[in-house]
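Take a look at the fold below.

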Amino acid sequence: RVGMIGAGGFAKVKLMPAIAKLDNARINAIADTDVTASLNSAKMYNAAKVCTDYKDLFIEDTVDAVVIASPHKFHAAQAINAL
């Protein structure tokens, strides 16, 4: 159960399609400050959860792994919170 932090161009074009092809992984949650981007991606990959604050990915037991695809300046804080 993968949680995506960021649903922008790189995530849509490269990361999400690659994850979707894996037999043992599924995109289960998507977080992006752009709710439209999150909702569109969630529909495409049947994600169970959509949120605008990435910290919401960690409130419920919805993800086992996180892929960070947000702007680089946010990576450190997001990785620390994911851990």
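Four strands make an open sheet, ordered S3-S2-S1-S4, with parallel pairing. Strands here are DSSP E runs of at least two residues, and helices are H or I runs of at least four, numbered from the N terminus. Two strands pair if DSSP finds at least two bridges between them. This is a predicted model: local features need pLDDT of at least 70, side-chain atom pairs count only at pLDDT 80 or more, and totals for chains, interfaces and linings use all residues. Residues are numbered from 1 along each chain as its sequence is written, and side-chain values use heavy atoms, without hydrogens and water.

Strand S1 (residues 2-5) joins S4 in parallel through four bridges. Ile 5 stands opposite Ile 68 in S4. S1 also pairs with S2 in the parallel sense, over four bridges. There, Gly 3 has Ala 29 as its bridge partner.

Which residues cover the two faces of S1? Val 2 and Met 4 lie on one side, Gly 3 and Ile 5 on the other, and all are buried (under 20% relative accessible area, with a 1.4 Å probe and protein chains only). In a regular strand, side chains alternate between the two sheet faces.

Helix H1 (residues 9-20) lies across S1, strand S2 (27-31) and S4. H1 runs at about 175° to S1. Angles run from 0 to 180 degrees between N-to-C directions, with axes fitted to C-alpha atoms, for helices over the stretch in contact (heavy atoms within 4.5 Å).

Notes. Buried means under 20% relative accessible area, exposed over 50%, partly exposed in between (1.4 Å probe, protein chains only).
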